[in-house]
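Please walk me through this structure, one region after another.

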Amino acid sequence: MNSSDIKAVHKLLATPKSIVIVPHKNPDGDAMGSTLALCRYLNINGHKALVIAPNESPHFLKWLPGHEDVMVYSAFAKAADEKIMGADLIFTLDFNDLSRTGEMEESLSKAEGDFIMIDHHQQPSDYAVVTYSDTTMSSTCEMVYHFLDAIDTTSQIDAAMATCLYTGIMTDTGSFRFRSTTSITHKVVSQLIVSGADNAAIHENIYDTNRFSKLQLLGVALKNLHILPEYRTVYISLSQKELDDHQFQKGDTEGFVNYGLSLEGIIFAVIFIENKADNIIKMSLRSKGDFSVNNFARTHYNGGGHTNAAGGKSDMSLRKTIAEFISILPEYKSQLEG
């Protein structure tokens, strides 16, 4: 953060405020970890803060400290709208365009409070009075730590806040294996452990609570994995029927796409997931090296994210979406050949 932004934040937080904190739709560990940690900090310091999430988070995140107080917009839209309209200040974390909040977008666009954005995705929109954007950061949780450090308050990070921040950093770095993990990331994580984050317990709560049906669904996904060796690419597909047959719950397919990327010689992996309720095909894209799935998703699938991790969607059928995807790859052959 630059000095002018730090001064602006100090001024905005100088007196008690009514504050709403918003993660993106279908929140992941980084979104929930960052919002819950920031919410706790603000409430400890005399503000009246509340996390309002567009929809439910996955079951494996609901143990996070403070999660029981999250207001879910899809279930309590009227009450949430009142909170948004009455907010002096609105933090948006782990996204940089209001469209990423789904049905909340209209209410947020009409809000009269000031916005502060904290995010590490590319190409941020211009809606906040303070925009803390850094695409080199491992996670928004790491950014929240630096945000608190910039306003001289990391000493207030307690075990609950540290747990939330550690969770977001761990999940967004693939347990610290992605290139975005730096020496500074490890220093931050070290301080979070000192502050009370139990790294072993956090890992167990996130990764060791699988249901049998989820593991069976993973088996189906791996069976549906297809290799396109000429493009060093793999794709996985899951139909709505396959999801239903395995009692799919939100978050069950988290990380599935990474199995494709683990294959030797592969640098581009995609998973296509049919969603009949929204009438879309949801896509998660991952890559290694310099191949930008952010650019690929933005160009072809109304999505975006990071260079090596992005999301997108298609309005076509599952079969047609996969066929179109394969037809696009020749345009990128020189990039995928390395």
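Does D152 count as buried or exposed? At 65% relative accessibility, D152 counts as exposed. Here buried means under 20% relative accessible area, exposed means over 50%, and partly exposed lies in between, with a 1.4 Å probe and protein chains only. D152 sits in the loop between α5 (140-150) and α6. Its phi is near 60 degrees, a positive value in a residue other than glycine.

Two points on reading what follows. This is a predicted model, in which local features need pLDDT of at least 70 and side-chain atom pairs count only at pLDDT 80 or more, while totals for chains, interfaces and linings use all residues. Residues are numbered from 1 along each chain as its sequence is written, and side-chain values use heavy atoms, with hydrogens and water left out.

Helices and strands come next. They are DSSP runs numbered from the N terminus: helices are H or I with at least four residues, strands are E with at least two. Two strands pair if DSSP finds at least two bridges between them.

Start with strand β4. All 5 of the 5 residues of β4 (residues 89-93) are buried, so the strand is largely enclosed by the rest of the structure. Both of its faces are covered. L89, F91 and L93 lie on one side, and I90 and T92 on the other. Strand β1 (residues 18-22) runs parallel to β4, joined by 4 bridges. In this pairing V22 stands opposite T92. Strand β5 (residues 114-119) also pairs with β4 in the parallel sense, over 5 bridges. Here T92 stands opposite M117. Between β4 and β5 the chain passes through helix α4 (residues 105-110), and this β-α-β crossover is right-handed. That term applies if, with the strands pointing away from the viewer, the path from the first strand over the helix to the second runs clockwise.

Now turn to helix α2. Its 16 residues (residues 29-44) should span 22 Å at 1.5 Å a residue, and the end C-alpha atoms are 22 Å apart, which agrees. The expected span is 1.5 Å times one less than the number of residues. Of the 16 residues of α2, 13 are buried. Just after α2, G46 takes a positive phi of about 90 degrees.

Two or more lining residues come from each of α2, β2 (48-53) and α6 (159-172). The largest share, 4 residues, is from α2.

Move on to strand β9. Of its 8 residues (residues 268-275), 7 are buried, so β9 is largely enclosed by the rest of the structure. β8 and β9 run parallel, joined by 6 bridges. Y235 stands opposite V270 in β9. On to β10 (residues 280-287): 8 bridges join this strand to β9, and the two run antiparallel. A269 stands opposite R286. The hairpin of β9 and β10 has 4 residues between the strands, and N279 there takes a positive phi near 55 degrees.

How many aromatic pairs does the structure hold? There are 14 aromatic pairs. Rings of Phe, Tyr and Trp (its six-membered ring) pair if their centres lie within 6.5 Å; planes under 30 degrees apart count as stacked, over 60 as edge-to-face and the rest as tilted. The ring centres of Y235 and F325 are 6.5 Å apart with planes at 75 degrees, so this pair is edge-to-face. The pair links distant parts of the chain, with Y235 in strand β8 (residues 233-238) and F325 in helix α13 (residues 318-328), 90 residues apart. Y235 and F325 are both buried. F296 and Y332 form a tilted pair, 5.0 Å centre to centre with 55 degrees between the planes. Both F296 and Y332 are buried. One aromatic cluster includes Y235, F296, F325 and Y332.
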